[in-house]
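These are my notebook entries on one protein structure. I set down each item that I looked up and what I found.

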Amino acid sequence: MQPTLCVKLKKVLKVKKICIVAGARPNFIKVAPLLRAIEKTADADYQLVYAGRADDPTLEASLFDDLQMPRPSVFLGVDSTSLNEITSRVMAEFDALLEREPADVVIVVDDLASTMAAAIVTKKRGVKLAHLVAGTRSFDMTMPKEVNRLVIDALSDYLFTAGVKSNSVATREQAEGSDTYMVGNILMDTLRFNYQRFRRPDIDVSEGQYLVFTLNRKALLEDEEHLRQMLAAIAESAGGTPIVAPLRGRAREVVERLLADVQGTTFNVQGSMSYLEFGWLTAHARGIITDSGNVAEEATFNSVPCITLNSYTEHQETVTVGSNVLVGEDPVRLAEEVRRMVSGQWKKCALPDRWDGRTAERIVRILEGVRGS
C-alpha cells in the first residue's frame, strides 16, 4: 500500500504550497515529523516560518540538527513580551509574507499569540487553515492561551486533534464547513524517531535512580514564597534521591535563589539541555515533576511516573491512561505523590490511542484529500 500512497501524493502535491508557522521552540518538536512526511513526496512544496528572530536565544545551535530538520526559511523577527504587540506585529509581517508568497494551506501549531495572529491573517486572505493540536481546553478564560485556542479552532478549516477528549471538544465546537480529525499525538512521532539517538548528558546519575524537575509557568515563578514551599516539599519527600533540574532563564535564577533557603536539598540545577540530552534524561528517570504538558506526554510514552504542578491538563489521556498525576500547587499533595514516586508505588499506565508514531503520515494523507478536492 505504501508505494501506491507515495505515487498518489506526488501527483496531488506537485503544484501545491504548504506554509507551516511555528511560534516558539516547542513547536519545532511537533513540526519536524510533519516535514519528514511531506518530504517523502518529492514534489511537495512547503515553507517553514518562525515568528521570532533568527538569533532567538531559545533556539540553541543543536536544536535543528537534533531534530534532523531544516531551519525555518523565513523569520518574521517579532521579539516582544507584550501579547497584544506580538499579535499585531505577527499579523502585519505574516500578511506581507502571504502577499509575496501565496500558500494553498497554512498549518499553525499549538496556541500562542503568534499562532492566533497567523490564523487570523490566513482566513482574512481566504486561505485554508489547519490547526495542529486542536481541541485542547483548560476552560479557564482568564488564560490568554485559552482565548487563542478558541479563536484558532473557530477559524480553522481542518482541526487535527491528539486524543479522544480534544477530538470531542473540536467536533462539538467546529464551525460549519470545517472538519475534525483525530490524527494522534505528533509528539510521539518525534520521540519514536529519535529514541535510539538520545544522548546521555554529562551528569553523574544512575539510570532509574534520580528525579527530573522542570519549571516554566509564569504564575508559579511569580509567587516565590509558595514556590519555596513546593521546592521544600519535593526536597524533603524525595528522601535523598537526586533531583536533576534543567532550567533556563528566569526559572533557573529564581529556583537557585529559593533553594538556598531549603534544608537538605538534593537538587542539582543545570542549564538548559539539548533536545537529545533532555530526552535521555527524562526517559531514564525514576520520576518527573513538571509544569509542562509536553514533558508529561513524554513521561507517559516512556512509562515514567510524572507529577504535574497544575490542576488540569489539556491532554487528559496522560492522566486517565498514562503515568501522569495532577497535584495543582498544593505542597502537601505534592509531597505525598513524591513519596509514592520514589518508593515505586505508582499506578499502572499504558499508551493512549494513536500514539503510534504515524500522526504526521495521517495529516499528509488528509491534506492530500483536502488539496486534491
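Is Thr359 buried or exposed? I looked up the relative accessibility of Thr359 and found 0%. Buried means under 20% relative accessible area, so Thr359 counts as buried. I note that the model is a predicted one.

**Entry: the surroundings of Thr359**

I located Thr359 in helix α16, which comprises residues 359-372. I then listed its contacts, leaving aside neighbours within four places in sequence. Thr359 touches Val183, Gly184, Asn185, Ile186, Asp189 and Arg354.

**Entry: helix α8**

How many of the nine residues of α8 are buried? I found seven, and the helix, residues 186-194, is mostly covered.

I traced an open sheet of seven strands, in the order β3-β2-β1-β4-β5-β6-β7, and its pairing is parallel. Which strands stand at the edges? They are β3 (74-75) and β7 (179-182). Each has a single partner strand, so one side of each is left without a neighbour in the sheet.

For one pair I looked up the bridges. Strand β1 (residues 17-22) runs parallel to strand β2 (residues 45-50), and six bridges join them. I found Tyr50 in β2 as the bridge partner of Ala22.

Helix α2 (residues 25-39) lies across β1, β2, β4 (105-109) and β5 (128-134), and runs at about 175° to β2.

**Entry: helices α10 and α15**

How do α10 and α15 lie relative to each other, and what is the angle at which they cross? The axes of α10 (residues 224-237) and α15 (residues 331-343) come within 8 Å and cross at roughly 25°. Angles under 35 degrees count as roughly parallel, and α10 and α15 are therefore roughly parallel to each other. The crossing is right-handed. I noted the residues that make the contact: α10 contributes His226, Gln229, Met230, Ala233, Ile234 and Ser237. From α15 come Pro331, Leu334, Ala335, Val338, Arg339 and Val342.

Definitions and conventions: Residues are numbered from 1 along each chain as its sequence is written. This is a predicted model: local features need pLDDT of at least 70, side-chain atom pairs count only at pLDDT 80 or more; totals for chains, interfaces and linings use all residues. Side-chain values use heavy atoms; hydrogens and water are left out. Helices (H or I, at least four residues) and strands (E, at least two) are DSSP runs, numbered from the N terminus. Buried means under 20% relative accessible area, exposed over 50%, partly exposed in between (1.4 Å probe, protein chains only). Contact means heavy atoms within 4.5 Å. Two strands pair if DSSP finds at least two bridges between them. Axes are lines fitted to C-alpha atoms, for helices over the stretch in contact, and angles run from 0 to 180 degrees between N-to-C directions. Angles under 35 degrees count as roughly parallel, over 145 as roughly antiparallel, 65 to 115 as roughly perpendicular and the rest as oblique. A crossing is left-handed if the near helix is turned anticlockwise from the far one by less than a right angle, and right-handed if clockwise.
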